[in-house]
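Thank you all for making time this morning. Please have a look at what is on the screen, and then I will walk through it region by region.

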Amino acid sequence: MSNVTSTTPIGETAGILTDPAGPAAAESTTAPAAPSAGMLPRSPRLYNKDLAPTKVAGRKWNAYSIFTLWANDVHSLGNYAFAISLFALGLGGWQILMALGIGAVLLFLLLNLSGYMGYKTGVPFPVMSRISFGVHGAQVAALLRGGVAIVWFGIQTYLASVVFRVAAVAVVPSLASLDSNNILGLSTLGWISFLILWVVQVVIVSFGMEMIRKYEAFAGPVILVTMAAIAVWMFMEAGGSIALSTDQSLTGGEMWRTIFAGGALWVAIYGTFVLNFCDFTRSSTSRKAISRGNFWGIPVNMLAFGVIVVVLAGAQFKINGTVIESPADIVQTIPNTLFLVLACLALLILTIAVNLMANFVAPVYALTNLFPRKLNFRRAGMVSAIIGLVILPWNLYSNPVVIVYFLGGLGALLGPLFGVVMADYWLIRKARVNVPELYTEDPSGAYFFKRGFNPRAIAALVPASVIAILIAFVPAFAAASSFSWFFGAGIAAVTYYVIGERRRTYDDVSGEPIAVDSAH
(Lines give C-alpha, C1' and ligand atoms only; values in the text may rest on other atoms or scores of the structure.)
Protein backbone atom coordinates (compact mmCIF):
# COMPACT_ATOMS: atom_id res chain seq x y z
CA MET A 1 0.00 0.00 0.00
CA SER A 2 1.24 3.44 -0.80
CA ASN A 3 2.63 5.49 2.10
CA VAL A 4 1.52 8.75 0.58
CA THR A 5 -0.83 10.68 2.85
CA SER A 6 -2.28 14.03 1.92
CA THR A 7 -4.56 16.60 3.37
CA THR A 8 -8.30 16.22 3.00
CA PRO A 9 -9.82 18.01 0.00
CA ILE A 10 -11.76 21.16 0.80
CA GLY A 11 -15.40 20.44 1.50
CA GLU A 12 -14.98 16.65 1.59
CA THR A 13 -14.61 15.85 5.29
CA ALA A 14 -14.46 19.05 7.28
CA GLY A 15 -18.20 19.30 6.61
CA ILE A 16 -19.88 16.54 4.68
CA LEU A 17 -22.51 18.74 3.09
CA THR A 18 -20.30 21.75 2.40
CA ASP A 19 -19.08 22.75 -1.03
CA PRO A 20 -16.17 24.81 -2.30
CA ALA A 21 -16.74 28.37 -3.41
CA GLY A 22 -17.76 27.30 -6.87
CA PRO A 23 -17.33 24.73 -9.64
CA ALA A 24 -13.80 25.76 -10.40
CA ALA A 25 -12.81 25.47 -6.77
CA ALA A 26 -14.53 22.11 -6.49
CA GLU A 27 -12.68 20.71 -9.47
CA SER A 28 -9.33 21.96 -8.28
CA THR A 29 -9.77 20.19 -4.93
CA THR A 30 -11.45 16.99 -6.04
CA ALA A 31 -8.48 14.86 -4.99
CA PRO A 32 -4.97 15.18 -3.60
CA ALA A 33 -1.81 15.07 -5.65
CA ALA A 34 -0.85 11.76 -7.23
CA PRO A 35 1.78 9.65 -5.45
CA SER A 36 5.36 10.41 -6.32
CA ALA A 37 6.44 6.80 -5.98
CA GLY A 38 5.45 4.03 -8.37
CA MET A 39 1.96 2.60 -7.99
CA LEU A 40 1.15 -1.02 -7.39
CA PRO A 41 0.45 -3.02 -10.58
CA ARG A 42 -3.11 -2.87 -11.92
CA SER A 43 -4.90 -6.19 -12.34
CA PRO A 44 -6.73 -6.93 -15.62
CA ARG A 45 -9.34 -8.68 -13.44
CA LEU A 46 -10.15 -5.33 -11.84
CA TYR A 47 -9.50 -2.67 -14.46
CA ASN A 48 -10.74 -1.68 -17.88
CA LYS A 49 -11.70 1.67 -19.37
CA ASP A 50 -15.32 1.37 -18.22
CA LEU A 51 -14.35 0.65 -14.62
CA ALA A 52 -11.47 3.15 -14.54
CA PRO A 53 -11.94 6.49 -12.75
CA THR A 54 -13.07 9.37 -14.95
CA LYS A 55 -10.86 12.39 -15.49
CA VAL A 56 -12.13 15.59 -13.91
CA ALA A 57 -11.65 17.53 -17.15
CA GLY A 58 -14.37 16.83 -19.67
CA ARG A 59 -17.14 15.70 -17.32
CA LYS A 60 -20.58 16.67 -18.65
CA TRP A 61 -23.24 15.81 -16.03
CA ASN A 62 -24.31 19.23 -14.76
CA ALA A 63 -27.14 20.24 -12.41
CA TYR A 64 -29.72 19.97 -15.21
CA SER A 65 -28.52 16.46 -16.05
CA ILE A 66 -28.99 15.38 -12.44
CA PHE A 67 -32.38 17.12 -12.25
CA THR A 68 -33.69 15.30 -15.33
CA LEU A 69 -32.81 11.95 -13.75
CA TRP A 70 -35.30 12.74 -11.01
CA ALA A 71 -37.76 14.48 -13.34
CA ASN A 72 -38.12 11.08 -14.99
CA ASP A 73 -37.72 8.67 -12.11
CA VAL A 74 -39.92 10.44 -9.57
CA HIS A 75 -42.82 10.48 -12.06
CA SER A 76 -42.59 6.76 -12.84
CA LEU A 77 -45.82 4.77 -13.00
CA GLY A 78 -44.69 2.67 -10.05
CA ASN A 79 -44.22 5.76 -7.90
CA TYR A 80 -47.65 7.06 -8.86
CA ALA A 81 -49.18 3.71 -7.92
CA PHE A 82 -47.44 3.87 -4.53
CA ALA A 83 -48.42 7.48 -3.78
CA ILE A 84 -52.03 6.95 -4.88
CA SER A 85 -52.18 3.92 -2.58
CA LEU A 86 -51.64 6.33 0.33
CA PHE A 87 -54.87 8.06 -0.73
CA ALA A 88 -56.61 4.68 -0.80
CA LEU A 89 -55.28 3.90 2.70
CA GLY A 90 -57.03 6.98 4.04
CA LEU A 91 -54.49 9.80 3.89
CA GLY A 92 -55.77 13.17 2.70
CA GLY A 93 -54.09 15.72 0.45
CA TRP A 94 -51.87 17.50 2.98
CA GLN A 95 -50.98 14.20 4.66
CA ILE A 96 -49.78 12.68 1.39
CA LEU A 97 -47.67 15.78 0.75
CA MET A 98 -46.19 15.52 4.25
CA ALA A 99 -45.32 11.83 3.79
CA LEU A 100 -43.63 12.56 0.46
CA GLY A 101 -41.92 15.61 1.96
CA ILE A 102 -40.40 13.58 4.81
CA GLY A 103 -39.09 11.06 2.31
CA ALA A 104 -37.81 13.82 0.02
CA VAL A 105 -35.75 15.51 2.74
CA LEU A 106 -34.14 12.22 3.76
CA LEU A 107 -33.45 11.28 0.15
CA PHE A 108 -31.90 14.66 -0.58
CA LEU A 109 -29.38 14.15 2.22
CA LEU A 110 -28.63 10.49 1.40
CA LEU A 111 -28.25 11.11 -2.32
CA ASN A 112 -25.89 14.00 -1.71
CA LEU A 113 -23.65 11.77 0.41
CA SER A 114 -23.73 9.03 -2.21
CA GLY A 115 -23.29 11.44 -5.10
CA TYR A 116 -20.29 13.22 -3.60
CA MET A 117 -18.48 9.88 -3.41
CA GLY A 118 -18.84 9.40 -7.15
CA TYR A 119 -17.70 12.94 -7.91
CA LYS A 120 -14.55 12.70 -5.82
CA THR A 121 -13.37 9.23 -6.86
CA GLY A 122 -14.78 9.09 -10.39
CA VAL A 123 -15.54 5.36 -10.07
CA PRO A 124 -18.76 3.34 -10.60
CA PHE A 125 -20.54 1.51 -7.79
CA PRO A 126 -18.87 -1.93 -8.20
CA VAL A 127 -15.46 -0.26 -7.81
CA MET A 128 -16.74 1.98 -4.99
CA SER A 129 -17.81 -1.18 -3.14
CA ARG A 130 -14.19 -2.37 -3.13
CA ILE A 131 -13.38 0.32 -0.57
CA SER A 132 -15.56 -1.39 2.04
CA PHE A 133 -15.79 -5.02 0.96
CA GLY A 134 -12.42 -5.60 -0.72
CA VAL A 135 -11.45 -5.97 -4.36
CA HIS A 136 -13.17 -9.36 -4.59
CA GLY A 137 -15.80 -8.99 -1.88
CA ALA A 138 -17.27 -6.11 -3.86
CA GLN A 139 -18.57 -8.62 -6.39
CA VAL A 140 -21.24 -9.64 -3.89
CA ALA A 141 -22.50 -6.08 -3.45
CA ALA A 142 -22.41 -5.32 -7.19
CA LEU A 143 -24.16 -8.53 -8.22
CA LEU A 144 -26.83 -8.09 -5.56
CA ARG A 145 -27.64 -4.60 -6.85
CA GLY A 146 -27.32 -5.69 -10.49
CA GLY A 147 -29.41 -8.83 -10.07
CA VAL A 148 -32.37 -6.91 -8.66
CA ALA A 149 -32.05 -4.39 -11.48
CA ILE A 150 -32.02 -6.97 -14.29
CA VAL A 151 -35.30 -8.50 -13.13
CA TRP A 152 -36.91 -5.09 -12.79
CA PHE A 153 -35.59 -4.09 -16.23
CA GLY A 154 -37.55 -6.95 -17.74
CA ILE A 155 -40.66 -6.23 -15.69
CA GLN A 156 -40.65 -2.50 -16.47
CA THR A 157 -40.16 -3.22 -20.17
CA TYR A 158 -43.17 -5.54 -20.02
CA LEU A 159 -45.29 -2.89 -18.26
CA ALA A 160 -44.30 -0.37 -20.93
CA SER A 161 -45.26 -2.87 -23.63
CA VAL A 162 -48.80 -2.98 -22.17
CA VAL A 163 -49.08 0.78 -22.72
CA PHE A 164 -47.65 0.33 -26.21
CA ARG A 165 -50.36 -2.20 -27.01
CA VAL A 166 -53.07 0.22 -25.91
CA ALA A 167 -51.70 2.90 -28.24
CA ALA A 168 -51.25 0.44 -31.12
CA VAL A 169 -54.83 -0.84 -30.93
CA ALA A 170 -56.15 2.73 -30.64
CA VAL A 171 -54.41 3.66 -33.91
CA VAL A 172 -55.00 0.35 -35.73
CA PRO A 173 -58.05 -1.42 -34.20
CA SER A 174 -57.49 -4.53 -36.33
CA LEU A 175 -54.35 -5.27 -34.27
CA ALA A 176 -56.63 -6.40 -31.46
CA SER A 177 -56.87 -9.76 -33.23
CA LEU A 178 -53.15 -10.30 -32.48
CA ASP A 179 -53.77 -9.79 -28.77
CA SER A 180 -55.89 -12.88 -28.08
CA ASN A 181 -53.42 -15.79 -28.31
CA ASN A 182 -50.73 -16.95 -25.88
CA ILE A 183 -47.08 -17.68 -26.61
CA LEU A 184 -45.07 -18.35 -23.43
CA GLY A 185 -47.38 -16.04 -21.54
CA LEU A 186 -47.64 -13.20 -24.09
CA SER A 187 -49.84 -12.61 -27.12
CA THR A 188 -48.35 -12.00 -30.56
CA LEU A 189 -48.97 -8.26 -30.17
CA GLY A 190 -47.48 -8.47 -26.69
CA TRP A 191 -44.28 -10.02 -28.05
CA ILE A 192 -44.03 -7.45 -30.84
CA SER A 193 -44.54 -4.58 -28.37
CA PHE A 194 -42.05 -5.98 -25.86
CA LEU A 195 -39.34 -6.62 -28.45
CA ILE A 196 -39.70 -3.16 -30.01
CA LEU A 197 -39.18 -1.50 -26.62
CA TRP A 198 -36.40 -3.97 -25.77
CA VAL A 199 -34.51 -3.06 -28.95
CA VAL A 200 -34.97 0.68 -28.39
CA GLN A 201 -33.40 0.44 -24.93
CA VAL A 202 -30.53 -1.74 -26.12
CA VAL A 203 -29.71 0.74 -28.88
CA ILE A 204 -29.68 3.68 -26.45
CA VAL A 205 -27.43 1.86 -23.97
CA SER A 206 -25.08 0.75 -26.75
CA PHE A 207 -24.02 4.38 -27.13
CA GLY A 208 -23.03 4.60 -23.46
CA MET A 209 -23.79 6.92 -20.58
CA GLU A 210 -23.57 10.06 -22.71
CA MET A 211 -26.53 8.91 -24.80
CA ILE A 212 -28.42 8.06 -21.61
CA ARG A 213 -27.71 11.58 -20.34
CA LYS A 214 -29.10 13.08 -23.55
CA TYR A 215 -32.17 10.86 -23.47
CA GLU A 216 -32.92 11.77 -19.85
CA ALA A 217 -32.53 15.46 -20.71
CA PHE A 218 -35.04 15.06 -23.54
CA ALA A 219 -37.53 12.95 -21.58
CA GLY A 220 -37.63 15.06 -18.40
CA PRO A 221 -39.56 18.08 -19.75
CA VAL A 222 -41.86 15.80 -21.79
CA ILE A 223 -42.91 13.92 -18.68
CA LEU A 224 -43.43 17.01 -16.53
CA VAL A 225 -45.60 18.70 -19.16
CA THR A 226 -47.60 15.53 -19.85
CA MET A 227 -48.37 14.72 -16.22
CA ALA A 228 -49.28 18.33 -15.49
CA ALA A 229 -51.60 18.36 -18.53
CA ILE A 230 -53.32 15.14 -17.41
CA ALA A 231 -53.81 16.61 -13.93
CA VAL A 232 -55.34 19.82 -15.37
CA TRP A 233 -57.65 17.78 -17.63
CA MET A 234 -58.82 15.65 -14.70
CA PHE A 235 -59.36 18.77 -12.59
CA MET A 236 -61.61 20.19 -15.29
CA GLU A 237 -63.43 16.86 -15.69
CA ALA A 238 -64.17 16.96 -11.96
CA GLY A 239 -65.81 20.37 -12.30
CA GLY A 240 -62.95 22.48 -11.01
CA SER A 241 -62.69 20.86 -7.57
CA ILE A 242 -61.43 17.59 -6.09
CA ALA A 243 -62.00 15.34 -3.08
CA LEU A 244 -59.15 15.88 -0.63
CA SER A 245 -59.72 12.54 1.09
CA THR A 246 -61.80 9.38 0.90
CA ASP A 247 -64.80 8.61 3.10
CA GLN A 248 -62.57 6.55 5.37
CA SER A 249 -59.89 9.07 6.34
CA LEU A 250 -57.34 8.14 8.99
CA THR A 251 -57.03 10.23 12.14
CA GLY A 252 -54.93 10.39 15.28
CA GLY A 253 -52.05 8.02 15.87
CA GLU A 254 -52.87 5.76 12.93
CA MET A 255 -52.74 8.75 10.60
CA TRP A 256 -49.29 9.80 11.82
CA ARG A 257 -47.95 6.25 11.69
CA THR A 258 -49.10 5.95 8.09
CA ILE A 259 -47.55 9.32 7.22
CA PHE A 260 -44.14 8.33 8.58
CA ALA A 261 -44.44 4.83 7.14
CA GLY A 262 -45.18 6.39 3.74
CA GLY A 263 -42.10 8.59 4.04
CA ALA A 264 -39.96 5.60 5.03
CA LEU A 265 -41.24 3.51 2.13
CA TRP A 266 -40.56 6.41 -0.22
CA VAL A 267 -36.90 6.23 0.83
CA ALA A 268 -36.88 2.42 0.55
CA ILE A 269 -38.16 2.68 -3.03
CA TYR A 270 -34.94 4.55 -3.81
CA GLY A 271 -32.83 2.18 -1.73
CA THR A 272 -31.40 0.73 -4.94
CA PHE A 273 -30.58 4.09 -6.45
CA VAL A 274 -28.87 5.64 -3.43
CA LEU A 275 -26.38 2.78 -3.70
CA ASN A 276 -25.28 3.29 -7.30
CA PHE A 277 -25.90 7.01 -7.73
CA CYS A 278 -22.13 7.30 -8.15
CA ASP A 279 -22.53 5.58 -11.54
CA PHE A 280 -23.89 8.94 -12.72
CA THR A 281 -22.14 11.47 -10.49
CA ARG A 282 -18.71 10.08 -11.41
CA SER A 283 -19.19 12.24 -14.51
CA SER A 284 -20.62 15.30 -12.71
CA THR A 285 -18.99 18.68 -13.19
CA SER A 286 -18.94 19.66 -9.49
CA ARG A 287 -20.35 18.90 -6.07
CA LYS A 288 -22.49 21.98 -6.41
CA ALA A 289 -24.03 20.54 -9.58
CA ILE A 290 -24.99 17.41 -7.63
CA SER A 291 -26.53 19.42 -4.79
CA ARG A 292 -28.47 21.72 -7.11
CA GLY A 293 -29.67 18.90 -9.33
CA ASN A 294 -30.78 16.93 -6.28
CA PHE A 295 -32.51 19.95 -4.75
CA TRP A 296 -34.64 20.72 -7.80
CA GLY A 297 -35.09 17.05 -8.63
CA ILE A 298 -35.95 15.71 -5.18
CA PRO A 299 -37.75 18.10 -2.75
CA VAL A 300 -39.04 20.55 -5.38
CA ASN A 301 -39.91 17.97 -8.03
CA MET A 302 -41.44 15.63 -5.45
CA LEU A 303 -43.67 18.45 -4.23
CA ALA A 304 -44.97 18.88 -7.79
CA PHE A 305 -45.35 15.10 -8.02
CA GLY A 306 -47.36 15.08 -4.79
CA VAL A 307 -49.69 17.81 -6.04
CA ILE A 308 -50.33 15.87 -9.26
CA VAL A 309 -51.04 12.71 -7.24
CA VAL A 310 -53.56 14.52 -5.03
CA VAL A 311 -55.29 16.06 -8.05
CA LEU A 312 -55.49 12.80 -10.03
CA ALA A 313 -56.70 10.69 -7.12
CA GLY A 314 -59.01 13.36 -5.73
CA ALA A 315 -60.55 14.20 -9.09
CA GLN A 316 -61.26 10.56 -9.97
CA PHE A 317 -62.75 9.93 -6.52
CA LYS A 318 -65.04 12.93 -6.90
CA ILE A 319 -66.15 11.81 -10.36
CA ASN A 320 -67.20 8.26 -9.52
CA GLY A 321 -66.09 7.42 -5.99
CA THR A 322 -63.25 5.10 -7.06
CA VAL A 323 -59.51 5.31 -6.50
CA ILE A 324 -57.32 4.82 -9.56
CA GLU A 325 -54.23 2.61 -9.41
CA SER A 326 -51.99 4.66 -11.72
CA PRO A 327 -52.13 7.39 -14.39
CA ALA A 328 -52.35 4.61 -17.00
CA ASP A 329 -55.93 4.01 -15.83
CA ILE A 330 -56.78 7.63 -16.68
CA VAL A 331 -54.94 7.61 -20.01
CA GLN A 332 -57.04 4.69 -21.25
CA THR A 333 -60.22 6.74 -20.69
CA ILE A 334 -59.13 9.72 -22.83
CA PRO A 335 -61.90 10.00 -25.46
CA ASN A 336 -59.76 11.61 -28.17
CA THR A 337 -57.62 9.06 -30.03
CA LEU A 338 -54.86 11.55 -30.84
CA PHE A 339 -54.52 12.69 -27.22
CA LEU A 340 -54.69 9.09 -26.01
CA VAL A 341 -51.83 8.09 -28.31
CA LEU A 342 -49.76 11.14 -27.32
CA ALA A 343 -50.29 10.37 -23.64
CA CYS A 344 -49.30 6.73 -24.21
CA LEU A 345 -46.15 7.83 -26.04
CA ALA A 346 -45.26 10.09 -23.11
CA LEU A 347 -45.69 7.18 -20.68
CA LEU A 348 -43.48 5.04 -22.92
CA ILE A 349 -40.81 7.74 -22.99
CA LEU A 350 -41.07 7.92 -19.21
CA THR A 351 -40.82 4.18 -18.60
CA ILE A 352 -37.79 3.84 -20.87
CA ALA A 353 -36.10 6.76 -19.10
CA VAL A 354 -36.73 5.19 -15.69
CA ASN A 355 -35.59 1.77 -16.86
CA LEU A 356 -32.34 3.10 -18.30
CA MET A 357 -31.29 4.94 -15.17
CA ALA A 358 -32.61 2.61 -12.46
CA ASN A 359 -32.46 -0.87 -14.00
CA PHE A 360 -29.94 -0.92 -16.85
CA VAL A 361 -26.84 0.97 -15.75
CA ALA A 362 -26.34 -0.99 -12.50
CA PRO A 363 -26.22 -4.49 -14.07
CA VAL A 364 -24.04 -3.21 -16.91
CA TYR A 365 -21.37 -2.09 -14.45
CA ALA A 366 -21.87 -5.21 -12.30
CA LEU A 367 -21.25 -7.53 -15.27
CA THR A 368 -18.34 -5.42 -16.49
CA ASN A 369 -16.86 -5.67 -13.01
CA LEU A 370 -17.32 -9.45 -13.05
CA PHE A 371 -15.68 -9.97 -16.46
CA PRO A 372 -13.60 -6.85 -17.18
CA ARG A 373 -11.35 -8.64 -19.69
CA LYS A 374 -14.30 -9.80 -21.83
CA LEU A 375 -17.05 -7.26 -21.31
CA ASN A 376 -17.24 -3.54 -21.87
CA PHE A 377 -20.19 -1.20 -21.36
CA ARG A 378 -21.86 -2.11 -24.67
CA ARG A 379 -21.38 -5.89 -24.40
CA ALA A 380 -22.48 -5.94 -20.77
CA GLY A 381 -25.58 -3.98 -21.79
CA MET A 382 -26.45 -6.64 -24.35
CA VAL A 383 -25.93 -9.46 -21.84
CA SER A 384 -28.13 -7.67 -19.29
CA ALA A 385 -30.87 -7.14 -21.87
CA ILE A 386 -30.77 -10.79 -23.00
CA ILE A 387 -31.09 -11.99 -19.41
CA GLY A 388 -33.99 -9.59 -18.91
CA LEU A 389 -35.67 -11.19 -21.92
CA VAL A 390 -35.06 -14.90 -21.34
CA ILE A 391 -36.40 -14.80 -17.76
CA LEU A 392 -39.84 -14.04 -19.29
CA PRO A 393 -40.45 -11.18 -16.83
CA TRP A 394 -44.22 -11.03 -17.40
CA ASN A 395 -44.52 -14.44 -15.76
CA LEU A 396 -42.45 -13.27 -12.81
CA TYR A 397 -44.58 -10.15 -12.47
CA SER A 398 -47.75 -12.23 -12.26
CA ASN A 399 -46.24 -14.37 -9.48
CA PRO A 400 -46.64 -12.60 -6.11
CA VAL A 401 -44.16 -14.99 -4.47
CA VAL A 402 -41.39 -13.76 -6.79
CA ILE A 403 -42.26 -10.09 -6.36
CA VAL A 404 -42.79 -10.11 -2.61
CA TYR A 405 -40.28 -12.63 -1.33
CA PHE A 406 -37.51 -12.90 -3.91
CA LEU A 407 -37.25 -9.31 -5.07
CA GLY A 408 -38.48 -7.96 -1.73
CA GLY A 409 -35.93 -10.06 0.12
CA LEU A 410 -33.08 -8.94 -2.11
CA GLY A 411 -34.26 -5.36 -1.77
CA ALA A 412 -34.16 -5.66 2.02
CA LEU A 413 -30.44 -6.42 1.76
CA LEU A 414 -29.70 -3.12 0.04
CA GLY A 415 -30.24 -1.11 3.23
CA PRO A 416 -27.46 -2.93 5.10
CA LEU A 417 -25.20 -2.58 2.05
CA PHE A 418 -25.79 1.16 2.07
CA GLY A 419 -25.10 1.35 5.81
CA VAL A 420 -21.73 -0.39 5.53
CA VAL A 421 -20.59 1.65 2.51
CA MET A 422 -21.59 5.00 4.04
CA ALA A 423 -20.16 4.29 7.49
CA ASP A 424 -16.89 3.09 6.01
CA TYR A 425 -16.45 6.00 3.59
CA TRP A 426 -17.65 8.95 5.69
CA LEU A 427 -17.15 7.90 9.32
CA ILE A 428 -14.18 5.52 9.25
CA ARG A 429 -12.09 6.77 6.32
CA LYS A 430 -13.27 10.41 6.42
CA ALA A 431 -13.55 10.32 2.60
CA ARG A 432 -9.87 9.37 2.15
CA VAL A 433 -9.53 6.90 -0.71
CA ASN A 434 -6.45 5.51 -2.45
CA VAL A 435 -8.10 5.24 -5.85
CA PRO A 436 -5.24 3.49 -7.77
CA GLU A 437 -5.18 0.67 -5.23
CA LEU A 438 -8.81 -0.14 -5.95
CA TYR A 439 -7.44 -1.84 -9.08
CA THR A 440 -4.64 -3.99 -7.68
CA GLU A 441 -4.60 -7.56 -6.36
CA ASP A 442 -1.27 -7.04 -4.68
CA PRO A 443 -1.59 -8.33 -1.09
CA SER A 444 -0.09 -5.08 0.18
CA GLY A 445 -2.86 -3.08 -1.48
CA ALA A 446 -5.15 -1.01 0.73
CA TYR A 447 -8.27 -2.93 -0.28
CA PHE A 448 -6.99 -6.50 -0.50
CA PHE A 449 -7.77 -7.18 3.18
CA LYS A 450 -7.88 -11.01 3.48
CA ARG A 451 -7.72 -12.64 0.04
CA GLY A 452 -9.66 -9.70 -1.38
CA PHE A 453 -12.48 -9.78 1.19
CA ASN A 454 -13.04 -7.50 4.19
CA PRO A 455 -14.25 -9.72 7.07
CA ARG A 456 -15.34 -6.68 9.10
CA ALA A 457 -17.73 -5.51 6.39
CA ILE A 458 -19.20 -8.99 6.04
CA ALA A 459 -19.56 -9.26 9.83
CA ALA A 460 -21.56 -6.02 9.84
CA LEU A 461 -23.61 -6.90 6.76
CA VAL A 462 -24.87 -10.38 7.69
CA PRO A 463 -26.66 -9.74 11.01
CA ALA A 464 -28.12 -6.46 9.76
CA SER A 465 -29.45 -8.25 6.66
CA VAL A 466 -31.05 -10.99 8.73
CA ILE A 467 -32.76 -8.43 10.97
CA ALA A 468 -33.95 -6.38 7.97
CA ILE A 469 -35.47 -9.46 6.32
CA LEU A 470 -37.18 -10.54 9.54
CA ILE A 471 -38.68 -7.09 10.05
CA ALA A 472 -39.83 -6.97 6.42
CA PHE A 473 -41.55 -10.38 6.30
CA VAL A 474 -42.34 -11.78 9.76
CA PRO A 475 -45.98 -10.94 10.64
CA ALA A 476 -45.07 -10.18 14.26
CA PHE A 477 -43.07 -7.17 13.04
CA ALA A 478 -45.72 -5.94 10.61
CA ALA A 479 -46.01 -2.55 12.35
CA ALA A 480 -42.31 -1.89 11.72
CA SER A 481 -42.06 -3.49 8.26
CA SER A 482 -42.25 -0.12 6.48
CA PHE A 483 -39.03 0.88 8.25
CA SER A 484 -37.01 -2.28 7.46
CA TRP A 485 -34.64 -0.37 5.14
CA PHE A 486 -33.75 2.05 7.93
CA PHE A 487 -33.30 -0.73 10.49
CA GLY A 488 -31.00 -2.60 8.13
CA ALA A 489 -28.97 0.45 7.13
CA GLY A 490 -28.72 1.77 10.70
CA ILE A 491 -27.73 -1.51 12.31
CA ALA A 492 -25.11 -2.20 9.63
CA ALA A 493 -23.66 1.31 9.90
CA VAL A 494 -23.42 1.24 13.71
CA THR A 495 -21.98 -2.28 13.73
CA TYR A 496 -19.36 -1.42 11.14
CA TYR A 497 -18.42 1.79 12.93
CA VAL A 498 -17.86 -0.19 16.15
CA ILE A 499 -15.77 -2.98 14.60
CA GLY A 500 -14.06 -0.92 11.86
CA GLU A 501 -10.43 0.17 11.99
CA ARG A 502 -10.98 3.75 13.17
CA ARG A 503 -7.44 4.37 14.45
CA ARG A 504 -5.72 3.53 11.19
CA THR A 505 -4.31 6.29 8.99
CA TYR A 506 -5.90 6.21 5.54
CA ASP A 507 -4.17 7.51 2.42
CA ASP A 508 -5.93 9.87 0.03
CA VAL A 509 -4.52 9.32 -3.46
CA SER A 510 -5.89 10.64 -6.72
CA GLY A 511 -7.03 8.36 -9.52
CA GLU A 512 -6.06 10.89 -12.21
CA PRO A 513 -2.88 9.00 -13.26
CA ILE A 514 -4.99 5.99 -14.29
CA ALA A 515 -8.17 7.88 -15.22
CA VAL A 516 -9.86 7.87 -18.62
CA ASP A 517 -11.93 10.46 -20.45
CA SER A 518 -15.50 10.73 -19.20
CA ALA A 519 -17.04 8.89 -22.15
CA HIS A 520 -19.35 6.91 -19.88
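Which residues does threonine 351 touch, not counting residues up to four places away in sequence? Before I answer, a word on what we are looking at: this is a predicted model, in which local features need pLDDT of at least 70 and side-chain atom pairs count only at pLDDT 80 or more, while totals for chains, interfaces and linings use all residues. Residues are numbered from 1 along each chain as its sequence is written, and side-chain values use heavy atoms, with hydrogens and water left out.

Now the answer: threonine 351 touches Leu77, Gln156 and Ala160, where contact means heavy atoms within 4.5 Å. Threonine 351 sits in helix H14, and helices here are DSSP runs of H or I with at least four residues, strands being runs of E with at least two, numbered from the N terminus. Because its relative accessibility is 9%, threonine 351 counts as buried; the word buried means under 20% relative accessible area, exposed means over 50%, and partly exposed lies in between, with a 1.4 Å probe and protein chains only. A polar atom of the threonine 351 side chain is 2.9 Å from the backbone oxygen of leucine 347.

Further along, helix H14 also holds threonine 368, which counts as buried because its relative accessibility is 0%. The side chain of threonine 368 reaches the backbone oxygen of valine 364 at 2.7 Å, and, not counting residues up to four places away in sequence, threonine 368 touches Asn48, Asp50, Leu51, Leu375, Asn376, Phe377 and Ala380.

Let me stay with this helix and turn to its packing. Two packed helices are described by the angle and the distance between their axes. For helix H8, residues 209-237, and helix H14, residues 337-370, the axes come within 8 Å and cross at roughly 145 degrees, the axes being lines fitted to C-alpha atoms over the stretch in contact, with angles that run from 0 to 180 degrees between N-to-C directions. Among the residues that make this contact are Met209, Ile212 and Tyr215 of H8, together with Ala346, Leu347 and Leu348 of H14. By class, the contact has 19 nonpolar, 1 polar and 1 charged residues, where Ala, Val, Leu, Ile, Met, Phe, Trp, Tyr, Cys and Pro count as nonpolar, Asp, Glu, Lys and Arg as charged, and the others, Gly among them, as polar.

Next, the loops. Where is phenylalanine 449 placed? It lies in the loop between helix H17 (400-428) and helix H18 (455-473), and arginine 451 is found in the loop between H17 and H18 as well. Most residues other than glycine have a negative phi. Phenylalanine 449, however, has a positive phi near 50 degrees, and for arginine 451 phi is positive too, near 55 degrees. Phenylalanine 449 is partly exposed, because its relative accessible area is 24%, whereas arginine 451, at 73% relative accessibility, counts as exposed.

Finally, let me step back to the whole chain. The protein has 19 helices and 0 strands, and of its 520 residues 57% count as buried. Along its principal axes, the C-alpha trace spans about 70 × 50 × 45 Å. Of the contacts with a separation of 6 or more, 86% are between residues 24 or more positions apart.

Notes
A polar contact is a pair of N or O atoms within 3.5 Å; within protein, one must be able to donate a hydrogen and the other to accept it, and residues adjacent in sequence count only if both atoms are side-chain atoms.
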